[in-house]
Amino acid sequence: MANLLRYLSHPQVKVDADVPVPDWSLSSIGRARTEAICGSASLQNTDLVVSSNERKAIETAKIIADSIGQDVVAAERTHENDRSATGFLLPEEFEEVANLFFMHPEQSVRGWERALDAQARIVEETNNFIRHRKSGDILMVGHGGVGTLLYLHFIGVPISREHDQPAGGGNFFAISLDTFTPLHGWCPMELI
């Protein structure tokens, strides 16, 4: 059986406009969804669990890693696209800015990290983990924006929002580590 890279976006979080977005934690729904997949037989071949340093991703990764007897490797450069210039945005405004982020990858939209830069960063960091793995599957826990940019790299298409994860988070895609081709696009985490 081929070894896989699974990229999982963290599920639902506690949204708090007074807390910096990287410090948000999982909501009770996000935690329950994560705990529900811990018995999945498909995770048993995972021998490397990598997580963004953002709290919600670390919480997700730790729940899964603990269930399969692995440690979490925190990877600073796998964070979500840097949106600190705007901070928290209400959902409607966030979606407008996110659309522009994907539509104009070579531009910094309202001070956000450029999509081209975020993609180069997540691809480079992912390749480092792939290159240094010993065997088994890799589970990367991160975010929808950079996860989509990584997926676009693997399917070889220009940056756009066409292949963005469904709303709400808690989705994953899988890549064969033998052929570096996607096995499927974003699916709900419950299908792991």
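Me: Which residues are linked with Arg31 in a network of salt bridges?
Reply: This is a predicted model. Side chains of opposite charge can pair when their charged atoms come close. Here a network of salt bridges includes Arg31.

Me: How many salt bridges does a search of the whole structure find?
Reply: A search of the whole structure gives a total of 14.

Me: Is Arg121 buried or exposed?
Reply: Arg121 meets Glu113 in a salt bridge, at 2.8 Å from N to O. Glu113 has a relative accessible area of 17%. For Arg121 the relative accessible area is 7%. Buried means under 20%, so Arg121 is buried.

Me: What is the relative accessible area of Glu80?
Reply: Glu80 forms a salt bridge with Arg83. Their closest N and O atoms are 3.7 Å apart. Glu80 is buried, with a relative accessible area of 10%.

Me: Now the strand. Why is strand 5 largely enclosed by the rest of the structure?
Reply: Strand 5 covers residues 171-176. In a regular strand the side chains alternate between the two faces of the sheet. On one side Asn171, Phe173 and Ile175 are buried. Phe172, Ala174 and Ser176 are buried on the other. Strand 5 is largely enclosed because its buried residues number six of the six.

Me: Which residue in strand 6 is the bridge partner of Phe172?
Reply: Strand 5 pairs with strand 1 (residues 4-9) in the antiparallel sense, over five bridges. There, Phe172 stands opposite Leu8. Strand 5 also pairs with strand 6 (residues 182-188), again antiparallel, over four bridges. In strand 6 the partner of Phe172 is Cys187.

Me: Which residue takes a positive phi in the hairpin of strand 5 and strand 6?
Reply: The two strands pair in the antiparallel sense. Five residues lie between them in the hairpin. The positive phi is near 55°, and the residue that takes it is Phe180.

Note on methods:
Residues numbered from 1 in each chain as written. Predicted model: local features only at pLDDT ≥ 70, side-chain atom pairs only at ≥ 80, totals over all residues. Heavy atoms only, no water. Buried < 20%, exposed > 50% of the residue type's maximum accessible area, 1.4 Å probe, protein only. Pairing = 2+ DSSP bridges. Salt bridge = Lys/Arg side-chain N within 4 Å of Asp/Glu carboxyl O.
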